[in-house]
Amino acid sequence: MEEKVFPMTQEGKAKLEAELEELKVVKRKEIIERIKIARSFGDLSENSEYESAKDEQAFVEGRISTLENMIRFAEIIDDKDVADDVVTLGRAVTFIELPDGEEETYTIVGSAEADPLEAKISNESPIAVALLGTKVNDTVTVETPGGSFDVKVVKVSKK
């Protein structure tokens, strides 16, 4: 079975590594301490603190596993050989929705580091799929489940 590759920026990989370190070094110890305290309350069958700590432990261990997998199969984006005005992973793209939309700017990143609140969209999103490989002044149609719309690329910049 072939493993999934996770394209990401060096900054994105470092962020995942820092989260992994925090979970392993700090969060694990905190949860173990919570479990010890909850056990001291006695009967585990009706102990909500114990159940809560065990649930959090399962979540944290799952996240650790996910992060380790993403980091292991990370593919660092290298755009040195791509022209400066071409939309590619790791670059910020500013576009206008036609005919009279406002300018919007997003950085296209791998799905592992996508964060809409920081204007970082996944390379697998409909907007990114339509924009990848385009240049400044290109107009493309973005196909979404809710319908399609046209956008014009106004600016491309390296982060």
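Here are a few notes on an aromatic pair and a pocket in this structure.

1. Before you start, bear in mind that this is a predicted model, where local features need pLDDT of at least 70, side-chain atom pairs count only at pLDDT 80 or more, and totals for chains, interfaces and linings use all residues. Residues are numbered from 1 along each chain as its sequence is written, and side-chain values use heavy atoms, with hydrogens and water left out.

2. Searching the whole structure turns up one aromatic pair (ring centres of Phe, Tyr or the six-membered ring of Trp within 6.5 Å). The ring centres of Phe 95 and Tyr 106 are 6.0 Å apart with planes at 25°, so the pair is stacked (planes under 30 degrees apart; over 60 is edge-to-face and the rest tilted).

3. Phe 95 sits in strand S3 (residues 91–97) and Tyr 106 in strand S4 (residues 103–109), 11 residues apart; strands here are DSSP runs of E, at least two residues long. Phe 95 is buried at 2% relative accessibility, while Tyr 106 is partly exposed at 22% (buried is under 20%, exposed over 50%, partly exposed in between, with a 1.4 Å probe and protein chains only).

4. Now for the second largest pocket. Domain 1 (6–76) and domain 2 (86–158) both give residues to its lining, so the pocket lies between them; the domain bounds come from an automatic or database assignment.

5. What classes of residue make up the lining of the second largest pocket? It has seven charged, three nonpolar and one polar, with Arg 63 and Asp 115 among the lining residues.

Methods. Helix = DSSP H or I, 4+ residues; strand = E, 2+ residues; numbered from the N terminus. 1 Å grid on protein atoms, 1.4 Å probe; cavity = no way out; pocket = protein on both sides within 12 Å on 5 of 7 lines; lining within 4 Å. Nonpolar A, V, L, I, M, F, W, Y, C, P; charged D, E, K, R; others polar.
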